[in-house]
Amino acid sequence: MRPAGEVRQALLQACVQLATPEQGVTLREMAHQAQVGLDAAAMTIKHMRRAGQIHIAGERRVDYRNRPVAEYVPTQLAQGKGCMSPAHVLQVWAG
C-alpha cells in the first residue's frame, strides 16, 4: 500500500489538533487549519472516512449553511481511547 499523501496527513493532523471530546471539527475548520482547498479536503475526508481514520461524531449548526454540518473526530477519540498524541496517530496511521 502506498503512503498517505500530504493533504491526508495535514487533514488528519488538523483533526487531531482541533477535535475535543465535547466537539468535533467541521470540514471547513479542518481545511483552514491544514491550509488545504475545500474541494481537495472534501474528497480526502470522504476517503479518510472510508479508511476508518475519522468518524462523524455529530452535527452542528453554522452561520454559513442552512443545514447542520458534520463534525469529524479521529477514530481513537470516537472510540474513547484518549491517546491522541500526534505520534500515536501517526503510528496508527502507518499501520
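No aromatic pairs turn up here: the count is zero under a rule that pairs rings of Phe, Tyr and Trp (its six-membered ring) if their centres lie within 6.5 Å. This is a predicted model, in which local features need pLDDT of at least 70, side-chain atom pairs count only at pLDDT 80 or more, and totals for chains, interfaces and linings use all residues. Residues are numbered from 1 along each chain as its sequence is written, and side-chain values use heavy atoms, with hydrogens and water left out.

One ring does have a charge over its face: Arg28 sits 4.1 Å from the ring centre of Tyr64. For that label, NZ of Lys or CZ of Arg must be within 6 Å of the ring centre and within 35 degrees of the ring normal.

Now to the helices, which are DSSP runs (H or I, at least four residues) numbered from the N terminus. The axes of α1 (residues 6-18) and α3 (residues 38-51) come within 10 Å and cross at roughly 75°, with axes being lines fitted to C-alpha atoms over the stretch in contact and angles running from 0 to 180 degrees between N-to-C directions. The two helices are therefore roughly perpendicular, a term for angles of 65 to 115 degrees. In α1, Val7, Arg8, Leu11 and Leu12 make contact (heavy atoms within 4.5 Å) with α3 residues including Ala40, Thr44 and Met48. The residues of this contact divide into eight nonpolar, two polar and one charged.

Leaving aside neighbours within four places in sequence, Thr26 is in contact with Arg60, Tyr64, Val69, Ala70 and Tyr72. Thr26 and Val73 are 47 residues apart in sequence, with 9.1 Å between their C-alpha atoms.

Most residues other than glycine have a negative phi. Gln35, although not a glycine, has a positive phi of about 55°.

How values were computed
Phe/Tyr/Trp six-rings, centres within 6.5 Å; stacked < 30°, edge-to-face > 60°. Parallel < 35°, antiparallel > 145°, perpendicular 65-115°, else oblique. Nonpolar A, V, L, I, M, F, W, Y, C, P; charged D, E, K, R; others polar.
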